[in-house]
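Please examine the structure shown below. A series of questions and answers will then guide the reading.

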Amino acid sequence: MEDTLPCSYSPLPNGPPTIEGPLDKRRPRKKATLIIFSGLLLLLLLALFVAITVGDYRNSHNVHENENDEALLATSEPSSVSIPSEPVHSVSRGVSAGVSEKSNRVFADHNAISYPWNNSMLSWQRTSFHFQPEKNWMNDPNGPMFYKGWYHFFYQYNPNGAVWGDIVWGHAVSTDLIHWLHLPLAMVADQWYDINGVWTGSATVLPNGEVVMLYTGSTNESVQVQNLAYPANLSDPLLIDWVKYSDNPVLLPPPGINKNDFRDPTTAWYTSDGKWKFAIGSRVNTTGITLVYHTKDFKSYERLDGLLHSVPDTGMWECVDFYPVSKTAGKGLDTSVTGPGVKHVMKTSLDNDRQDYYALGIYDEKTDTWVPDNPNIGIGIRYDYGIFYASKTFYDEQKERRVLWGWIGESDSEFADMKKGWASVQGIPRTVLLDTKTGSNLLQWPVEEVDSLRLSGKEFDKVEVKAGSVVPLDIVSATQLDIVAEFELDKEALERTAQSNVEFSCGNSRGAAQRGALGPFGLLVLADESLSEQTPVYFYIAKGTDGNLTTFFCVDQSRSSEATDVNKQIHGGYVPVLKDEKLSVRLLVDHSIVESFVQGGRTCITSRIYPTKAIYGAARLFLFNNATEATVTTSLKIWQMNSAFIHPFRAK
Amino acid sequence: MRTLVFIVLVHVVFQIIFLSSSQCARLSPNDDNLIEQTCKQTPNYNLCISSLKSDPKSATADVAGLALIMVNVLNTTTTQTLIHINSLLLQSQRNEVKEALLSCVENYKTGVLTADVPVSIEALTKGNPKFADQGTQDAANESNSCEEGFSGNSPLTVENTNINNVAKVANAIVKLLL
């Protein structure tokens, strides 16, 4: 070829291009095209393949949404149980929200030696004046009510063992919420709709004297349904026999609700539109919700379109409770009461952390809406910072009070429960009132009938406990006690103590061994003479960066027992203390249960304690002050408590 | 020209094969994915995978079903360990060792087999998983109890660790249901 300009295609001087040469000159150009074309196709193929696999990965996390592939899919993906892409653990909402740190640690890590429990130690653990059946397993309180002179208490019960299972309804009656008489089982699992469990429910006493019991049954296919039952004979004040409605179940899980997320109906309330309404907890994905149903006859129901309440990331809501409290009067209200002087409590038991929470708000019965006072309250604050679950209230019209029951489980090992042949007690029944001084929490206090168990009392007036000291209290016996104590710190120490910006929480502290300037101080219960076993129940005061004092109350189980197969956590929470208030606490000690009611019941902590040495006559009571600076002055009244002699009812 | 067309056709065929095979992977049960997703959220992925896959029911199980399979593995592992403990007891042992072995029998027979396993199964089958949470947690603790009872010279370390791991995996799966 003649020389051509490198970057131009100007025709050759000797005329237009000639006809192309022979075939072998043509092939290289076609080959190039072919290679390029193949390459492009391969690239396209690769791109498509990548797109599909990426889409695949995304599909397993999100709702199916893939336009390209839909046309190619013969069938759509089966959507079975949706696995959340993160583990469903409850996120700690922090002390400021009134929630103590959730801890999965039951035991002191790996040193869980199975303690050689003997019968003496185990039989000491049974309580004297708290409700528990003669043997076997108990859990949720059910259908508490007052009827024709008797308080009725039903409960989840396993007639066959000391662990959960084969659940039926136990029953007991009392005239004073303290001296209980065991009655025959109220309901057993004898219908297809509750053959797999006669689970939790609530009673509604109608104005005409009828009693309606709504309860959850686990069917022969393990579906959770709601059933109706009522007394066989209303003229029997003990209400021994119960009849199940012939057309049960009255409610099946509604559309959108999982068959395993539909349980624990509340007591019903009556509204101005002539209907009865009840609430029931559930969940949608990880959002806990409360559903509401309307009825006129308790046989057929309509579901409210909206939700009474919901909170994301809380999981399943069990044992929902919904009730009014008076803003002014120091007494309880019937469940149907509404009006301007009333707030409503929305309470939930959270399945995923086994704790009970409540929030205060305003209920509009015309629109069936409930709005929390504090829009940021989330799930709410805890009823009790210790072991207290599946709680339920009822209105006692005899004494015009609202009474709260709570299930107190064991915190020892299953093996020990099997050995001792029983598990769980009920908390002492508590009255519930709005705290009119703070307006933002409830007050819980043991029912006044507990006082009737007080035997001999001893007073200690203005005992001074210097920083870093322990003072024995000389009392007859220390396993069944009612203690009322007041504490005062010396003002100097309060003022001169330096501020700290360290946030304190009972659960994350080192217990009573963690010394601060202004705490811990309180009592050592169920302690032995040498203090090798001791359960400190104490105040801890922290001085924040703003100079303000924040008060906590904790129960320290870390040295409560030489046994290592029991819970050693430190339970407790924040205590609102108003200006000029003295620090006060009431303690009920009843063998393996210790209940603390602080500042008139603003903060409550229930603990299960299992000493091996500090039992029977060897148990002692001490005052202690492990603060570094402050001297504490205490005045106490301590009563020995009688047994409630709870026993089976025997017809005369 | 014919070669070009031929190559294009081959490519198109290849594409179809690729596409349909990747589609096929998505049309089959998603459960391999479910097992993997679930096991990723347990403290012992490999143990979880091998335990679940050894049971053919895992192919079509939901999360509760996988938890049940794991509880079953706990049951089997504990039973085997009890058999081993019994054989150790038949041999002559120092007193402390014998006592510790008997203590382990209580942990496993009374604690795990009679209490934890049946409670967990009932809780999972009936849709009240929190009792299975407690049951599997307790099983892990019982294995710790057994091991520590030997104060360092345990003849059962391998078995106890195994039971502990199985219980913890089961517990992690149960927690997904709460």
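This is a predicted model: local features need pLDDT of at least 70, side-chain atom pairs count only at pLDDT 80 or more; totals for chains, interfaces and linings use all residues.

Q: In which strand of chain A is Asn625(A) placed?
A: Chain A contains a strand that covers residues 620–625. Asn625(A) belongs to this run, and the strand is β35.

Q: Which backbone nitrogen lies 2.9 Å from a polar atom of the side chain of Asn625(A)?
A: Asn625(A) has contacts beyond its neighbours within four places in sequence, including Val465(A), Phe521(A) and Thr631(A). The backbone nitrogen in question, 2.9 Å from a polar atom of the Asn625(A) side chain, is that of Ala627(A).

Q: How many salt bridges does the structure hold over all chains?
A: Side chains of opposite charge can pair when their charged atoms come close. Over all chains of this structure, the number of salt bridges is 40.

Q: Which residue of chain A meets Lys130(B) in a salt bridge that crosses between chains?
A: Lys130(B) stands in helix α6 of chain B, and its partner stands in strand β14 of chain A. The N to O distance in this salt bridge is 2.9 Å. Lys130(B) counts as buried because its relative accessibility is 3%.

Q: How many residues apart are Glu410(A) and Lys420(A), whose side chains meet in a salt bridge?
A: The N to O distance of this salt bridge is 2.7 Å, and both Glu410(A) and Lys420(A) are buried. Glu410(A) lies in the loop between β20 and α4 of chain A, while Lys420(A) lies in helix α4. The pair links distant parts of the chain, and its separation is ten residues.

Q: Why are Asp417(A) and Lys420(A) separated by about one helical turn?
A: Asp417(A) forms a salt bridge with Lys420(A), with the closest N and O atoms 3.6 Å apart. Both Asp417(A) and Lys420(A) are buried. They are separated by about one helical turn because, in helix α4 of chain A, their spacing is three residues.

Q: Which residues are linked with Asp396(A) in a network of salt bridges?
A: The network includes the residues Lys399(A) and Arg401(A). It also includes two Glu residues. The residues linked with Asp396(A) are therefore Lys399(A), Arg401(A), Glu448(A) and Glu449(A).

Technical notes:
Residues are numbered from 1 along each chain as its sequence is written. Chains are lettered from A and ligands numbered from 1 in the order in which they are written. Side-chain values use heavy atoms; hydrogens and water are left out. Helices (H or I, at least four residues) and strands (E, at least two) are DSSP runs, numbered from the N terminus. A polar contact is a pair of N or O atoms within 3.5 Å; within protein, one must be able to donate a hydrogen and the other to accept it, and residues adjacent in sequence count only if both atoms are side-chain atoms. Contact means heavy atoms within 4.5 Å. A salt bridge is a side-chain nitrogen of Lys or Arg within 4 Å of a carboxyl oxygen of Asp or Glu. Buried means under 20% relative accessible area, exposed over 50%, partly exposed in between (1.4 Å probe, protein chains only).
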